[in-house]
Amino acid sequence: MKFSIIIPAHNEETSVPEAVRALLRQTAPRETYEIIVVDNNSTDCTADAAKQAGADKVVFEKEPGTNIARQTGFLASTGEIVAFLDADCIPPINWLEHIERDFKKTGAMLVSGTYDYGFKNPFVRWFTVLYTNVLSAHADKIFPFLFGKKAGVIVEGNFAAYRTAILKIGGLPPLKFWGDGAAVAMLVSRRVGRVYFDPTLIVKSSPRRFKDEGTFSVVARYVWAYLRVYFKNEEEWMRLNRESEKIV
């Protein structure tokens with residue numbers, strides 16, 4: 001199996017079918033990838049909805065947490081390349097082929113792209129382009145130059161890694177939400193190899209968190225979580241994780 005696609009899902013019965021169906025439309029040959037949905041302690045019909053939509057496997061994880069669910073999916077997977085999609089994301093039909101092309105072109109061990117939230121506000125759209133095409137795309141150069149420590153950026157619902165890379169970092173670090181992707185990016189960049197951020201690797205995603213909490217409030221929390229993971233030692237990440245649980 002070339003690809004395993006893992007979707008963590010908590011109470012996503014209305015969203016996960018569309019994500020699964022989008023994966024079934026990939027231009028990559030169907031026999032080259034499997035779709036795994038992780039029901040992360042849902043209280044609705046997420047598991048049934050995923051099965052009916054066409055997921056190859058539905059596995060269960062009772063402990064809440066994005067990376068915890070992703071790791072459960074990883075353990076159930078068989079692919080050489082493990083790709084992660086969120087339940088409210090819709091990838092383009094060439095998503096897997098684009099990921100494979102990035103790996104071949106860059107020699108990276110982990111590849112990530114960005115989200116299209118469908119923002120209408122022109123200022124927000126401009127800020128998003130700046131954040132994605134400048135800060136995220138060049139973080140692996142900017143942070144080491146300024147602070148002397150390797151870094152990488154990933155978008156949690158749009159990244160893929162070689163199976164060997166995840167094994168070399170001891171599995172996905174069990175952060176439950178804030179900083180979960182940053183921790184993966186730091187570990188891979190520092191222990192395994194290059195983390196490549198491709199601004200043209202885009203999946204559509206729901207803007208619901210931004211609508212609920214405010215765009216710049218959410219961005220500020222993501223940036224703050226990233227910086228805390230970057231500057232703290234790995235032993236301190238779980239303490240930060242416990243603090244973040246109180247504000248999710």
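A: Strands of a sheet pair through backbone hydrogen bonds, parallel or antiparallel. The cut-off here is at least two DSSP bridges between two strands, a strand being a DSSP E run of at least two residues and a helix an H or I run of at least four, numbered from the N terminus. In this predicted model, β5 and β8 run antiparallel and are joined by two bridges. C89 has S205 in β8 as its bridge partner.

Q: In what order do the eight strands lie in the open sheet?

A: The order is β3-β2-β1-β4-β7-β6-β8-β5, with mixed pairing. β3 (57-60) and β5 (89-90) are at the edges with a single partner strand each, so one side of each has no neighbour in the sheet.

Q: Which rings link into a cluster?

A: Rings of Phe, Tyr and Trp (its six-membered ring) pair if their centres lie within 6.5 Å. Such pairs link F143, F147, Y226, Y230 and F231.

Q: Where does the charged end of K149 sit?

A: A charge counts as over a ring if Lys NZ or Arg CZ is within 6 Å of the ring centre and within 35 degrees of the ring normal. For K149, that ring is Y230, with its centre 5.6 Å away. Likewise, R163 lies over the face of F74, 4.5 Å from the ring centre.

Note on methods: Residues are numbered from 1 along each chain as its sequence is written. This is a predicted model: local features need pLDDT of at least 70, side-chain atom pairs count only at pLDDT 80 or more; totals for chains, interfaces and linings use all residues. Side-chain values use heavy atoms; hydrogens and water are left out. Rings of Phe, Tyr and Trp (its six-membered ring) pair if their centres lie within 6.5 Å; planes under 30 degrees apart count as stacked, over 60 as edge-to-face and the rest as tilted.
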